[in-house]
Every structure is written in structure tokens, then in C-alpha cells.
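Trainee: Could you show me how to read charged side chains and helix packing in a model?

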Amino acid sequence: MATRRRKSRLLIPLCVPCLMLLSGCLASPSIGRDFHQRVVFIGDSITARWDLDGYFGKGFINQGLESQNAEEIAARFQTDVVDLKPDFVVILAGTNDVRAEGDLALAHDSVAAMVQMARTNGIKPVVCTVPPVLAHLESAQAYNLMLTSDPALQVSCDYYRALTDANGTPIPGALNDDGVHPSILGYVRMAAEINRILNSEAAAQLIQSK
């Protein structure tokens, strides 16, 4: 009997992440095969390490590169996004600027340049707040405020809110041990946020107009 109890206690922690992943996916509407072939994600390692096929199905294009700041991401926007002619681009840039305590105004301007370039080329930009960076929560909040306060950016995807509680503190288990990159739970919650945006009425109208 004691052996059975020990086995049960071991199985519980193993099953909880799987259940959270399943519940998160079931709670999120599907984007759909005909839609998701026209979405590019651009960003740093948070994007690069995201298994988009596993979360959304075939067709999403991952243009994340490790260790890049917002200015470096913007420098490749033409080739990595515009030249692919997607309907949507999901922009996540600035985490490494926050981590390095860099020039957040420059990071904001780099995001603004990407947004302008996308719109000029008929691409709908989805601008995202950066997820929480455990060692730099105040800087991440300050940078996100710069993004959300700029009406020209029309920030609609709030990863920070998706991964934090009402006090702005990261939800337990949402980040990996490095305090920067999302865990499976974190990516599930981010995927739900993206699904919410891309299944919105505004997104549907844009697709119909193509």
C-alpha cells in the first residue's frame, strides 16, 4: 500500500503540466489552416524557441533569432517579413533591451519602424508587450507602458498580462528557471492570447478583404 501511495505522489506532478497544456489548448479557439499560413512571428529567442507548429499547426513562419535586441530585429524586417508577403506579422521585440538595461526609447522606435513598414506593405502588425523578465520587472513594465501608450502602435497582444497575476508578478510556473523564457505553461497562455487576437472580428474582416 505504501508503494502505491508513493507512485501516486510521483505521478501527480508529472500529470499537472500535461493537464494544464491540454486545458489551455482546448480553451483556445483554432486559427484554422487557411488562415495561419499567412502569419509570420518575428522576435528574439522567446519567439525562436516557440514550437509554432506544435501550438498552432503547420504553416506559421518563425523568424525568431537568439539574443537580438529590437534594433537588430527591425534591421531584418524587410527580408524576414515583408518579402514573405504575409497577412499578419506578430512582433515581439525588446526583451533583450530590457535585460541589458539598454535604450528603451530606441527599442520603442525600432518597433514603431517595423509597424510602419508592415502597414506600408499591406501587412497587419500585431504588436506584443514583452513577457515579464524576473530580474527586471520594473524595466519590463516601463517598456511595455511606452508601447501601450503610443496610439500609433495599437498594441493588442499583452503577453505580460497573460503571464502575470493582478499584481504584475509572474504566475508560478509561467517562466523557466532563467526567469526570462516562457515554460510550456507560459507558451500555452501566450498562444491563447494570440488566438484571441487573430480570431477577432477585426482580423476576420482583414482576411475577407484580401
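Mentor: We take the salt bridges first, and then a pair of helices.
This is a predicted model, in which local features need pLDDT of at least 70 and side-chain atom pairs count only at pLDDT 80 or more, while totals for chains, interfaces and linings use all residues. Residues are numbered from 1 along each chain as its sequence is written, and side-chain values use heavy atoms, with hydrogens and water left out.

Trainee: How many salt bridges does the structure hold?

Mentor: Side chains of opposite charge can pair when their charged atoms come close. The structure holds 5 salt bridges, the term meaning a side-chain nitrogen of Lys or Arg within 4 Å of a carboxyl oxygen of Asp or Glu. Glu193 forms one with Arg161, their closest N and O atoms being 2.8 Å apart; Glu193 lies in helix α11 (residues 184-198) and Arg161 in helix α10 (residues 159-162), so the pair ties together parts that are 32 residues apart in sequence. Helices here are DSSP runs of H or I with at least four residues, numbered from the N terminus.

Trainee: What joins Arg161, Glu193 and Arg196 into one network?

Mentor: Glu193 also meets Arg196 in a salt bridge (2.8 Å, N to O), and salt bridges that share partners join Arg161, Glu193 and Arg196.

Trainee: At what angle do helix α8 and helix α9 pack?

Mentor: Helix α8 (residues 104-120) and helix α9 (residues 137-148) pack at about 40 degrees, with their axes 10 Å apart, where axes are lines fitted to C-alpha atoms over the stretch in contact and angles run from 0 to 180 degrees between N-to-C directions.

Note on methods
Helices (H or I, at least four residues) and strands (E, at least two) are DSSP runs, numbered from the N terminus.
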